[in-house]
Structures are given as C-alpha cells and as structure tokens.
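Hello,

Here is the structure I promised to pass on to you. Please open it alongside this message, and my notes on what turned up follow just below.

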Amino acid sequence: MDKILEGLVSSSHPLPLKRVIVRKVVESAEHWLDEEQCEAMFDLTTRLILEGQDPFQRQVGHQVLEAYARYHRPEFESFFNKTFVLGLLQQGYHSLDRKDVAILDYIHNGLKLIMSCPSVLDLFSLLQVEVLRMVCERPEPQLCARLSDLLTDFVQCIPKGKLSITFCQQLVRTIGHFQCVSTQEKELREYVSQVTKVSNLLQNIWKAEPSTLLPSLQEVFASISSTDTSFEPSVALASLVQHIPLQMITVLIRSLTTDPNVKDASMTQALCRMIDWLSWPLAQHVDTWVIALLKGLAAVQKFTILIDVTLLKIELVFNRLWFPLVRPGALAVLSHMLLSFQHSPEAFHLIIPYIVNLVHSFKSDGLPSSTAFLVQLTELIHCMMYHYSGFPDLYEPILEAIKDFPKPSEEKIKLILNQSAWTSQSNSLASCLSRLSGKSETGKTGLINLGNTCYMNSIIQALFMATDFRRQVLSLNLNGCNSLMKKLQHLFAFLAHTQREAYAPRVFFEASRPPWFTPRSQQDCSEYLRFLLDRLHEEEKILKVQSSHKPSESLGCNETSLQEIANKAAVLTESPCTSDGEKTLIEKMFGGKLRTHICCLNCRSTSQKVEAFTDLSLAFCPSSSIENMSFQDPASSPNTPDGGLMQADIPGPSEEPGVYNPAKAAFVCDSAMNERMLGSPSDEFCCTENTCVPSESSRILVNKDVPQKPGGGSTPSVTDLLNYFLAPEILTGDNQYYCENCASLQNAEKTMQITEEPEYLILTLLRFSYDQKYHVRRKILDNVSLPLVLELPVKRTTSFSSLSESWSIDVDFTDISENLAKKLKPSGTEETCCSRLVPYLLSSVVVHSGISSESGHYYSYARNITGTESSYQMCHQSETLALASSQSHLLGRNSPGAVIEQDLENKEMSKEWFLFNDSRVTFTSFQSVQKITSRFPKDTAYVLLYKKQNSTNSLSGNSSTSGLWVNGDPPLQKELMDAITKDNKLYLQEQELNARARALQAASASCSFRPNGFDDNDPPGSCGPTGGGGGGGFNTVGRLVF
C-alpha cells in the first residue's frame, strides 16, 4: 500500500482523482497489516509530512499517518520511540534542519496519537530535557511559539523542580532576543501572536509554580538593565508585564530601587527600556509599572536617573500618543513625567513643537475618543504652562489651539502639581521610605532663620502673599540691575518656584538690613518693614530720575550711580506725584494720604495738611474710655505731641535711610497717652461746629457695642483702634496749638481723615510702650479682635485750589519735637467732601510671641487675596454689616462683626490660610488666627495687612486671558528662570547624595533609633525655645511657634 500511495502523490493525475484514491488508502487502514507494512507506511507518511514538496503531499501524509496510527497503535508506538524523537530534535530529518518548525509540529501530533500509550511517559522525560536545551539555543519567535503550543498542550514536558526555574529564566532571555525586521502589517501581526503564545506559556508556569516568578522577573530586569552596547533586549519583553500580579508592585519596586548592587547606569537603562515597552500594542499595565518605578526612584531620591531618563524619553512617549492602541498608557506616563519634573521647564519645552499638530489632528477627526483624550491632554498642558509661565512666545500658539477645551481651576492645578512632585509625599510608594524634605503639602516655601531673622522672614512672607504686590514685583524688567528691588524679585521668584522646603535669603537679608540693626539679634519687624518700603520707594525714584536723564543708556543700578543722582531725586519729590504713572510701586500698592485738620477753639479758624503714609500705627485705647468713648473724647496717636503724623509713616524725600530710627517713636507712647488723658478738657469744652469737626464719620464709627469679656472687660477690635486713631483730639496744656490768626498758643481740636486709601493697608498695633519709671519698653498683651472685613472711612475731597500747591508732603522726622502749629498753615481752599467706606479683606497677620520687643519670635498667618474678588459680594457684606449694626444699636446687641465674620468663614476664601513659621509652612484656618492670643497669651497680632476690594483689578497690567500671565503670576525673566532651574537641579542632587549617605549609615549601623523622625535640636537659626516664651509653660511640643 505504501508503494501505491507514494506513486500516487508523485504522479501527474488530476488532483480530484488523487483525493479519491487517498480516501481509499485511508479507509484501508482498518484492515490488518503486518508490522513491516505498518512501519513502511509510517516512514512514508513521515517523509511526506516533513519533506513534502507541496501542501497536498504534506496533507496526505498527516491524514494517512493519523489513520494508520489509530488502527495500528502498537506498531506506531514502536515506530515513534525515544530514539526516533531524539534523533529528530538533535539531528533533524534527512535534509531538514533540527530547528525547523515542521519537526516540532510532527512531534506535537505524534504525542497526541500515543497519548494513551505507556511509552509516552518516556517521551515526556526526554522532552523535559530537550525543550530546556532548545530554549537555551535562543530559538526564533516562530519555533519558540510552536514549542509553546506543544508545552501548553503537554504540560508534562515542562521541566520540573529547579529545572523549571532555569527553563523560565532561559525563556525570558529568549524573548529578550526576539526581533521582527519586517514592517508589513501581516508579518507584524504574526510576530505579536507568536510572542503572545510564549508569554502565555510563562504565565501558566508562574501560576502552576509560583516559585518561578521572582527569578523570572529578576532575569527580565537583568536583560533590560544590561549596559552591553552590543545587545539590545527586545521590546517583546513587554508582553510579560501584563502577567505580573499588581499586588507585587510595591515589593518589587522597593526591592529594585533599594538594592545596592543595582548601579545607576543599569537602572537608567532599565527604566529607558521599560518606557520603550509602551510601543508594544497588546501589553497591559506597562504604564502602571513605569510610573511605579518612577515613583520608587523618587522615593529613594535618585533624581539624577529621573532627570536623565525624562529628558531622554519624553519625546518618544509623546510620539506614542499618535497610536490608538498604546495612547492611554503613553498619556499616563507622559503626565507623570511632566508633572513630576517640576524643577525645570526643559522637559515640557522638548515636546512643545509637537503639541499644536497633535491637537489639530485629533480635533479634525471628530471621534469621541479623540475628544476625551484632548480634554485630558489640555489639562496637562495647562498645568505645565501654569507652573512655567515665563514663555508667552512658546505658549500662545498652544493656547490658541486648545482654547475650545475646558481649563482646570487654579485650585485643581495646584493640587495636581503638589501631588505629583518628586518631593511630594503622595508621590511615594505606600510602604517606601519616609517622607522627603521637599516642599510641604501646602506648596509654599519657608524661609530659613539665619540667626534671629524671624522678624524679616515674617514680613517677607506677608509681602509675598500680597498677591498683587508680588505680581508687580515679578513683572518688573530689572535685567542688569543690582538694586534692592531686584533682590526682592529674586527672592519672590525663588519662593514661588523653588523645590526646596525652605530657602535661605542671605543675599536679601544683607541688602535690606537697616544699618542700626545688630546682626543675629532680635529686631522690631514693623521697623524693618518701614525701612524696607522706604528703601524700595527711594530707590525707584532715583532710578526714574536716572532713566529720564539717560534715556539712551541702559538702566544702571550700582550704588555709585545712585549716590550721584540722589540730590536730583530729592528735588523731584518736592512736587508730589499726582498720577499713577508717576508713582513708585510702593506708593501704588501701599501709599495712602492722610489729612490733618486743626481748629482753633478760640477763633474757629482751621488749618490743614495732607501727608502721605505707607502704614498706620494704631495705639491702644485707654482701658477706662473704651465703653464711654465718643467723638468728643480726646483720642489721637500716642507717639508724640504732634499727634497722628508720626503714626502715618511718612518717609520724607530728604530723609536718609540710616538717619531715622522709627523705633524711637514708640518709646513715648505711654507718657504721651497719659498726658493726653490728663490734659483733656471736659466734654462741654469740645467744639461741635462743622468748621471745627469736618468729619461727621468720626462720630459714627466709634463702636460702643464691643463684645464684652466675661469679667466685665471688653476685647477691642482693630476697628476700635482705627476709630480711636481717627477720633478728634483736644490739644491743650503743653500740646497747645499756635494759631496764626490769634498769634498765640490756643487750645484746639485736631481731627484726621484718610483722603486716599492704599491698595494694601498696613496697620501696626503699638504694643510696645515705654515705662518711664523703669525706663524699659513693655509689651501690651491685650487681645485684639481681628475683623476679616474692615471698612476704612475715606473722605475724598475736591478742592478748587489744589492742596499740593499749599502744602508740602515732606515731613522731616528729625524735628518731630517741634510744635505742630509751626508746620500747619491756614488754607483758604474751598472744598467739597465725599465720604465713603472702603471694604478691605484681611490678607496677613504678623504675630509677635514674647513679652519684649528685644526678644521673642515672629511668625505670620497669610492667604492669597487678589483685587478681583466679587464686588457684589463685598457690597452685600457691607449692607449686611450696616443693617446688623443698626439693629444691634437699637436692640442693644453685641457687635455684628462676629455675624459677618462667621458668614465669611463659611465661604471658600476664608479657608486658605497658611502659617509661615520660618522654615515650616502649614495649613491653618482663620479661627486659629482669631484664637491665637487666647490660646497663647504672649502671642499677639502685631502687623496687619488688609487688601482693598476693587470691582476690577486696576493694578494688574496683564490679563491671564491674554496668555501672558498663564498662572496669574507674570512670566519670569530668563535670567531668573535659569537661576531657579539650576538651583532646583542642585537641590535634587543634594537630596540624592543625602539619601545615599543615609543608606550607607543605615547599612553600617545596626541599631539606630530616632523617635517619629523629630529633630532633637532647634530649627536652623531658630530664635530658640526661650525666644518668645519667657517661661510661663507655653513651650509645649504641640506649640505652633517654637
């Protein structure tokens, strides 16, 4: 029969005829044949299967072999023995190579035919050895896929015990050698299918024998971390990722990132190749593992690897967004890489050239999946442009391309950026190392105490949180300038963009420290603030004169040039500025005007003077007069006999920065207050004519409904102190007024009115009084209620003859002891008044902790407030306050301020308070601000910043919608951005070195314990545990201050 079959398949008869005859041959298999005939038939069919010249011959071979093996099983079992199979696997078949897939297919079919025969067990044992040998020879994907098919059907052929681990490791290496040179879709699909079969085999082995999983993964890492340039592991290894249980992710990543035997170069290679796996079309969870490894490296502070890999692979990841199959994973990895790379815009800028084309392409196809993808992509882009807002030329085309997609809120952007940073706690793996010393969860940066410099740190943080002022400072073009404003801009930029937990402001401290301030000793923060604003103001005036005299030259800012034109600047200030364009930045943001009226009680003539101020110093009301205070009560500034002119801090143009020491003004506070009380006339003596009291509002603003303390005393509010400051004062005794009309000293009434309100109102509470008996400065520890909303009475005037023509704004502080009457001259101007209440919101509070101005500690509470709060909301609040006030007066209730503040505290804007305590920045609440003195009696509010609420923000010269100020803050100058980028990279390198040093110490020290990670010492440069406590038992562990 074998001769007939052989002649048939090689004949030239028609194919249908051949098929009929083959069918007859198959049917004849049922008949008995001797062993020799069966062997001849098996040999012929084997030759047809393995060496058939066409598919028909191979098909005939399979059909006949299967039929004869079924009916003549013992004979086939004798033919298909160990020797025969071993020969096929090791030597091939005649001209057929042993690595030909046809041999494996033949063996696979043969095993199926003798599955029920006893001899199959011998074949299984043989194949367990042979398949391991074959895998070690690195078979091609096709052969390996056929081998996987065989082993999937016959798991008995898989090596057992220790050999199973070796087999899996070798199979992983084999996958690492897979390559597909074809670019045709058909070949690519076939290649992916082959790889999938092999990876599925490994998955089955891992499930059956879990002990093989970890060695297999170690082999995967060994392959992808190899630095051998002659070998590039295949992307096909990505097919294994989907089979690794996600429950192992934390353990595996921590093991990899903390293994001291894994070198940085190997880890970099491994991470780069894992990112390359994003190209594998059917792999799942690759993005999850890549992100986990990125987080793991951040957790152990290996920032050099992260930086190198991000810059090397960011463009490749972005390019994968074009391919639908891998787009979700690529977007996840891209998002994490960009959002975590926060120290420099370099990574984001690498992909900027490709964004617009990608967006336009996906917008044009109109598919729902494309739209959903673009929404996610645009959110990512907005976050990056918010974080790096200094490149309008790069961002404007992108903003135009994505304008139709929703923009995330600023709060959401901040949250995303804060959670994604390498130094963020949320970016660490669940059970990885302890939290890094990066920015706090607030996203704000602290200031390192350089040795009793908390007075400067608290003021700088308050100014930084004054949003409009910060934006104006950052927007200044000060290239090539070495002015104090340039240093402040540098400091603000670092506070906004550094990755450090706290920044050391050494350069700014040396430049801004008043000459009379002793280094490393505690100072008055209010005094420092006045000096700082005065320096910035005077410096800008000098620069304006310089630029006007040298328009063709670049703006020079060295000290010699400033000194040369100082006299010219002094002359310039003799005529006050009337337009905003002529004002300095300090005048625009903090400058207001105060008008002083003095009415002679003898002849009723009046004198007035208008002066500029940058802050108001509010004295405390005498305790006996709070409840009975009215507009007739003597009330004025306690600083000097000259009244409120010293409180309104008015730096004169002729004043040298080092001449005036404002601290001296507070020394006479107590004595001046006593003098005023002793010299005050009776209520009947006060003039009540309009000529004497130009301001009716002073009568109304005095609040008698102050909330009462349980003990019968009252807690004054800032409003009370402001009313006391603006209330009329009777000048008698040694403080009499020289009336030119009477040509003698006369009793007079002095009133003060604010005629022009500042954008930011600075209020200093005069807590340090001079004790004449003991000749020391004492602190007034009275609690003061801080209203969230403050309404400032402003009396605008329209004069027929300008006040500035009659009076000089100059105030010479060197002659503050002169009688006020010598400075005030009669004015014949006719004017009309327009009084209104200007609403302000509390922006920041500087707190002094301690009992003396020479000791203690400063820290500040602050929040972001812009000038774009809803005017409707503020009007509504004002009306509510007015209504509540009238009802309270009629019904005898307490002050309505608590009602309004309670309403505001429930609103979103009252929740975003921060506590700045040198290096530490934490979240807090307005309730904590209000209760600080009641909780810690030595901690009292000292300097307050209030932000005026405008219906429109007239000071922001740039709009966020224009694309120039993407995140609300202006774009930084390139010089600044480069400095920040360089320092951020340096910081990451420092963190990495520290982490490695700690790892070495941990390895060398077997026993080391540090409870809860707290430092045993004071913070660097701290004012120390006795700084503000002075005893009294308030220096507890939970204390906010020390």
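The side chain of S216 comes within 2.6 Å of the backbone oxygen of T212. This is a predicted model, so please read every value here as computed from it. S216 belongs to helix α12, which covers residues 213-224. Is S216 buried or exposed? It counts as buried, because its relative accessibility is 0%. If you set aside its neighbours within four places in sequence, S216 is in contact with C168, V172 and W206.

Next, have a look at helix α18, residues 346-365. Its 20 residues reach 31 Å from the first C-alpha to the last, close to the 28 Å expected at 1.5 Å a residue. Where does α18 bend? The bend is at P353 and comes to about 45°. Several residues of α18 are buried, among them F348, H349, I351, I352 and F362. After the helix comes G366, which has a positive phi, near 70°.

Helix α23, residues 467-475, is mostly covered, with eight of its nine residues buried.

For a strand pair, go to β16 (residues 913-917) and β17 (residues 920-924). These strands run antiparallel and are joined by five bridges.

Finally, some totals for the whole protein chain. Its secondary structure comes to 37 helices and 18 strands. The chain has 1042 residues, and 54% of them count as buried. Among contacts with a separation of 6 or more, 78% are between residues 24 or more positions apart. The chain exposes about 45,700 Å², of which carbon and sulfur atoms supply 53%.

Happy exploring, and do write back with any questions.

Best wishes

Conventions:
Residues are numbered from 1 along each chain as its sequence is written. This is a predicted model: local features need pLDDT of at least 70, side-chain atom pairs count only at pLDDT 80 or more; totals for chains, interfaces and linings use all residues. Side-chain values use heavy atoms; hydrogens and water are left out. Helices (H or I, at least four residues) and strands (E, at least two) are DSSP runs, numbered from the N terminus. Buried means under 20% relative accessible area, exposed over 50%, partly exposed in between (1.4 Å probe, protein chains only). A polar contact is a pair of N or O atoms within 3.5 Å; within protein, one must be able to donate a hydrogen and the other to accept it, and residues adjacent in sequence count only if both atoms are side-chain atoms. Contact means heavy atoms within 4.5 Å. Two strands pair if DSSP finds at least two bridges between them. The expected span of a helix is 1.5 Å times one less than its number of residues. The bend at a residue is the angle between axes fitted to the seven residues ending there and the seven starting there. Accessible areas come from the Shrake-Rupley method with a 1.4 Å probe; for residues, only the protein chains shown count as cover.
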